[in-house]
Amino acid sequence: MASFEDGLKTMVKTFRRECHRALQSERTTIHGADGMLMVLQLAMAEVNKQQGGEFKVALSDVLMAWKHLLLDKLHLTPHNFARPENYDLILEAYKSFLKCSNTVDLVDIHSMYKQLRVDSDPEEPVSPVQLFEFLSGSMEVSELTDSSVPSTPSSKRRPCSSQVKTAMRRVFCSYLDLLVNSKNDLALALTLDVPSRELGQAAFTDLKHAARNTNTSLFLAVTSFVRAIQLGGKGYAPAQSDPLRKHVKGLSEFVQFLDNLEEILGEIPDPSACGARLVTAIRAALVKGRSSGDVVYAAAEETAKDLKERICQLHQSQKQISNGTGTGISPARPKAYAINHATAYGGREAVKVLMALLDEEALAPPCGNKADLLSEDQPALSGAEGTCILTLFRSPEVSAGCSPEPLRNRVQSQQDLLKPKVTDRVIRSQFACTYQDDELPLNRVLEFPSSSQVPTCVHPAPKHKISPAVCEDPEPECTSATAKPATESPSAEQRGVHRGAALGPRCGNAQSSRAGPGNRKKTGVHTQDKGSKRKQVDADQHGESENQPPKKKPPTSIAGKMPAKNVSKAPSKKKLIAGQGKLTSFFRV
């Protein structure tokens with residue numbers, strides 16, 4: 001009677017040879033015991049979230065559901081066995097994950113063996129009870145030791161923990177799995193941020209939402225985004241509001257690395273050399289920046305050496321089978337409709353060797369300590385701490401606003417809002433008058449001042465006073481102005497005052513008159529009639545003191561309308577205030 005391990009290999013080889021009869025893709029990969037347990041944990045967490053809870057599940061509940069799942073799929077369930085809560089939803093979510101990832105488990109292969117076997121194949125290489133004991137971990141591991149594969153002596157001297165070595169081997173196989181089956185979401189989750197590309201839980205959540213919105217796999221979602229960024233024009237590039245734009249650097253590095261691996265796979269025809277190059281490229285990326293004494297470095301070195309040796313052995317065994325009986329893993333059958341169904345490289349010898357290697361990894365004994373596999377305390381391979389698959393698939397918690405922001409931060413944000421915005425001064429052109437400014441400059445604001453902002457340095461020109469009766473309540477300035485002789489000509493300070501008045505605010509219809517007293521004598525009655533009223537307005541506007549508001553306009557005397565012959569002419573120089581001489585000399589310059 002053949003051993004249990006030979007029966008498992010026969011079952012898997014028959015599946016690979018005849019899988020085109022049962023599946024649409026020949027790139028379907030197999031989940032082993034550990035992979036099935038991880039998928040079950042994700043399915044149970046998703047069901048708990050749908051039922052109104054959180055995306056988490058207890059380890060004890062996972063182990064209980066795991067035992068019931070194996071018994072149910074192998075049709076070994078006892079009659080008095082209690083079903084876990086929401087088992088039907090869990091089983092549906094588990095099967096849906098496998099279907100979307102283009103993967104199957106060992107129980108599915110055992111179920112399909114009867115319809116895929118031919119007459120030359122054994123009728124039942126593995127019994128359901130044996131498979132249950134193997135997957136549940138109750139079978140002795142000594143029965144599964146492969147004596148044909150010698151262990152390398154270097155593996156016994158390497159200072160490498162078993163947990164780090166197992167996690168590192170899982171990462172190597174996940175990269176190779178993506179080359180064979182790009183729809184495997186579990187393999188992409190294990191390799192997205194290993195080595196570190198700053199693609200943590202937030203980036204994986206955004207990628208998961210993008211894949212769900214487009215109903216595609218995670219790998220297709222990330223490659224479509226990166227290709228649209230690199231090759232898409234203005235109309236085809238992703239929107240600026242796309243959440244994946246925050247992680248474009250890390251996603252581009254991930255896609256570029258996988259492109260390099262696919263290029264190696266397509267250019268090297270020899271399977272042994274191609275597999276060695278692929279493992280070397282993955283190992284170089286994982287140990288970059290690490291010292292030779294690092295635990296991760298030692299685990300990567302040992303795993304790379306083991307995988308290279310095993311790839312060479314698988315290639316030699318496939319060559320002997322093809323030269324002898326011609327049986328084994330069948331090449332991909334070229335079909336017109338199947339070219340786009342991940343079968344373009346199905347006939348290549350290198351891909352067949354990689355698929356054989358992944359099948360052997362799926363037949364490996366399950367992990368003895370389930371807590372090391374499913375707990376959130378995973379070995380750190382890339383960042384400061386390891387990331388569990390359950391934590392990675394869980395969406396990061398978003399603040400609901402229940403807990404307020406600290407008082408210090410709120411005060412600081414309020415002060416930032418109250419601070420005036422500093423605008424850069426730019427060079428204005430000759431058409432600056434046509435620009436529309438957000439805020440008026442200071443000189444625009446002061447161009448039309450209020451009554452308290454009238455410039456006090458501006459002094460009006462000497463005026464003709466019609467009679468002392470014009471001012472009902474004469475001020476000292478008015479009396480001093482009428483006391484000067486009429487024949488006195490304006491001085492240089494008065495001419496400077498005219499320039500200052502020209503720079504000040506003006507009335508719209510006012511005309512600046514610079515005629516002296518001598519000129520006004522020559523012009524006669526008509527000049528006085530035309531200019532006396534306007535000068536009176538200017539005098540009322542500019543003749544007040546520095547700290548007092550402008551006074552009301554005095555009532556116009558009837559004598560102002562009389563002819564100039566009956567009006568006494570009294571033009572005089574108005575008294576300057578203290579410091580006005582210096583200001584007028586400044587304006588004169």
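This is a predicted model: local features need pLDDT of at least 70, side-chain atom pairs count only at pLDDT 80 or more; totals for chains, interfaces and linings use all residues.
**Cysteines.** I searched the whole structure for disulfides and found 0. Cysteine 19 has a relative accessibility of 4%, so I put it down as buried, the cut-off being under 20%. Cysteine 100 has a relative accessible area of 51%, and I put it down as exposed because the cut-off there is over 50%.

**Nonpolar core.** I asked which residues touch the most other members of the largest nonpolar core. They are Leu135, Phe172, Leu188 and Leu278, in a core of 118 residues. I followed up phenylalanine 172 and left out its neighbours within four places in sequence. Its contacts are then Val279, Ile282, Arg283, Leu286, Ala300, Thr303, Ala304 and Leu307.

**Helices α7 and α14.** I looked up how α7 (residues 162-180) packs with α14 (residues 349-362). The angle is about 135° and the axes are 10 Å apart. I therefore list the pair as oblique. Their crossing is left-handed. On the α7 side, the residues that meet α14 are Arg169, Cys173, Leu176, Asp177 and Val180. On the α14 side I noted Leu354, Met355, Leu357, Leu358 and Glu361.

**Asparagine 181.** Is asparagine 181 buried or exposed? Its relative accessibility is 2%, so I count it as buried. Asparagine 181 lies in the loop between α7 and α8 (185-191). Not counting residues up to four places away in sequence, asparagine 181 touches Arg27, Thr29, Ser101, Asn102 and Thr103.

Terms used
Residues are numbered from 1 along each chain as its sequence is written. Side-chain values use heavy atoms; hydrogens and water are left out. A disulfide is a pair of cysteine sulfur atoms within 2.5 Å. Buried means under 20% relative accessible area, exposed over 50%, partly exposed in between (1.4 Å probe, protein chains only). A nonpolar core is a set of buried Ala, Val, Leu, Ile, Met, Phe, Trp, Tyr and Cys residues joined through side-chain atoms within 4.5 Å. Contact means heavy atoms within 4.5 Å. Axes are lines fitted to C-alpha atoms, for helices over the stretch in contact, and angles run from 0 to 180 degrees between N-to-C directions. Helices (H or I, at least four residues) and strands (E, at least two) are DSSP runs, numbered from the N terminus. Angles under 35 degrees count as roughly parallel, over 145 as roughly antiparallel, 65 to 115 as roughly perpendicular and the rest as oblique. A crossing is left-handed if the near helix is turned anticlockwise from the far one by less than a right angle, and right-handed if clockwise.
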